[in-house]
Every structure is written in C-alpha cells, then in structure tokens.
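Please examine the sequence and the three-dimensional structure shown below.

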Amino acid sequence: MCSYASISLFLVFLVNYASAANITNVFDTGKYTTELKSIESGSSPPPKPLLIATPVEPGEFPLLLFLHGFLFDNSFYSQLIQQVASHGFIVIAPQLYILTGPDTSDEIRSTAAITNWLPEGLGKFLPPNVKPNFGKLALGGHSRGGKTAFALALKKLNITTNLKFSALIGVDPIDGTEKGKQTPPPVLTYVPHSFDFGGMATMVIGSGLGEESRLPYVLPPCAPKGVNHEDFFNECNKPAWYFVAKDYGHVDMLDDYTMGFKGQLTYYLCKNGDSRKPMRRFVGGVTVAFLKAYLLGDNGDLLAIRDRHVSVPLEFKFANFV
C-alpha cells in the first residue's frame, strides 16, 4: 500500500511536470488559434496601415503595439506576432512609413495617433466576441522601432497618449549609427538609470552579433556598440529585464522568408546566425513571458527562463533590475 507521503510526492511531481510543460510552451505556438489581418489606412481610421495578429476564440485579451525596424515592412514580423498572439494577446503592428530619413519624430507622432485610435477603431476589425483590454497595453519595437517605442514612453517631443502603457519592450533597439551620432530625437543620455517611465516595467532583448559587421570595412554593424541594447538597458530603472541572444544577429527574429527588395536585403546587410527560427522563438517566448508577468500578474514563465529551469531555443546572457 502506498504511504500518504508517497502519494503526496507523486502529486507534487505531477503538478511540477504540468507546470514545466506549460512554461516551456512560451517558446512554441500557444493554445489559441490566430488570425492575421491587414488593415489599410485611408479616408477612415486607422491613421496608418496595420497588421493585426489576434486570437479567434472568444475572450478579452491584452494588447501589444509593436513597431517595425528601419525601412522594414510590418509583414516581416508576421510569424513573430502570431506566436505572441497564440498565447492570448492581440498584437498590432503598424506600417509607420515606406521610406524615411534619420528623424523619428513623425514615427513617434504616428504611434501616438494609432494608440489614441485603438479604443474607437480596433474592435471593428477583430473576430466576433474577441475584446481588447485597453487597460493592459504594452508598447514594443525592433531596431529603430525600439527607439521610437522608448521615445514615446519617455514623452519625447512632449507627445502623450490617451491610453497608458503598462510594459515596454525593445528588441535590439538602436539610437543611431554610433555614440555621438544619434538620430533625432536622441533617446540615450549615457546616464545610468536615467529613463523615467514612472515605474513601468521594461525589457530589452539584444543580439550578440548585432555589433559585428557582416563585411568589415565595407558595411557598418546593424546594431553598433554605443547606441544599442546594452546602452538602452543601462539607462532603465527597476523593474527591467535584459536578455542577449549570443550567436544571433540583428534581424534574426524576422520571418524565415522576407519578400521583395527590402526583404532580400535583410539576408545580406547584417551578420546573422545560422537560421532565424531559434531567435524568433526566443524573442517570442521571452516577450510572452514578460507580458504575462506585467500585464497578467503571472511571472512563472519569466522566472523559469531567468533561472534556466526550462529548455530555451538558444544560448543567452541575462541581467535584470527587479
């Protein structure tokens, strides 16, 4: 006959096994079926074209507004944002411009305009019985989009939004071509912990190969030292999380296949890892874990990744201020 202690240990094992299985899942497709929808701008809102990844099952879901990198199409992130959406988030990826110069001021204004449009317009483009929870809204972006997200969160140009952001994510953010050559408006101050987000949680994800050139003396690095993820994290305040994917590059979180002339350039301008899928799964997974922690109050996945208690798609470095 089994003792009470044996039964208790077995039950604990089952609970831990189930928890581990659930935690590992953040790096894979979640339990929700997703829909990817393109919304054009025009005589009626939205202010900019949008790519929306959303669960199709009924429910109320938190939101992530995610901004593309320099000269990229929002469609280059379709696999990433669908991974995040499959875990119960509505992800809105605007196309902020087709061509642009070094100044990001218009992107900051456009992002604010899109944010203010969400309560009045987003619901019309979602599946039936899918409701956005505007009280649980995160802002994020990749590369120059990461800079734009930080700039808006810092209220650069005195621009504010009607909705409040509860979490901020920078995916390999860059603030210019090198220290002293920041694009306007500059975000980095080079003063440790100088970012004032009013206690909002932040996460910075960096690429280990981003500050290396694909062709030394010919091409500049895509995420130059002095204006990259390391500098962004150094200026964050508590709570702040920092992950660096060791052997992957600045664009390795994009779709496996990025179409068109700009899409082809993504394969040749930056130093890349062996394939995109591990980096994309990693970025998607830590994004889901971070959003669950700071939008839903469930930090189990994030702590498990930090403590390396789960299988992760790649080797990474970690730091945080909590």
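The model is predicted: local features need pLDDT of at least 70, side-chain atom pairs count only at pLDDT 80 or more, and totals for chains, interfaces and linings use all residues. Residues are numbered from 1 along each chain as its sequence is written, and side-chain values use heavy atoms, with hydrogens and water left out.

Helices (H or I, at least four residues) and strands (E, at least two) are DSSP runs, numbered from the N terminus. Strand 9 covers residues 201-207, and seven of its seven residues are buried, so the strand is largely enclosed by the rest of the structure. Buried here means under 20% relative accessible area, exposed over 50% and partly exposed in between (1.4 Å probe, protein chains only). On one side of strand 9 lie Ala201, Met203, Ile205 and Ser207, and on the other Thr202, Val204 and Gly206.

Strand 9 pairs with two other strands, where pairing requires that DSSP finds at least two bridges. The pairings are set out below.

| Strand paired with strand 9 | Sense | Bridges | Bridge partners |
|---|---|---|---|
| Strand 6 (residues 167-171) | parallel | five | Ile169 and Met203 |

Strand 9, helix 5 (residues 229-234) and strand 10 form a right-handed β-α-β unit; right-handed means that, with the strands pointing away from the viewer, the path from the first strand over the helix to the second runs clockwise. Helix 5 contains Asp231, which counts as buried at 14% relative accessibility. The C-alpha atoms of Asp231 and Lys179 are separated by 9.9 Å, although these residues are 52 residues apart along the chain.

Helix 7 (residues 277-295) has 19 residues and reaches 26 Å from its first C-alpha to its last, close to the expected 27 Å (1.5 Å times one less than the number of residues). Of its 19 residues, 16 are buried, so helix 7 is largely enclosed by the rest of the structure. Just after helix 7, Gly297 adopts a positive phi of about 75°.

The largest pocket is lined by 26 residues, of which Phe70, Leu71, Ser143, Ile174 and Cys222 lie nearest its centre. Helix 4 (144-153), strand 7 (176-178) and helix 6 (260-265) each give two or more residues to this lining. A pocket is an open set of points on a 1 Å grid over the protein atoms alone, where a 1.4 Å probe fits, with protein on both sides within 12 Å along at least five of seven lines; lining residues have an atom within 4 Å of a point.
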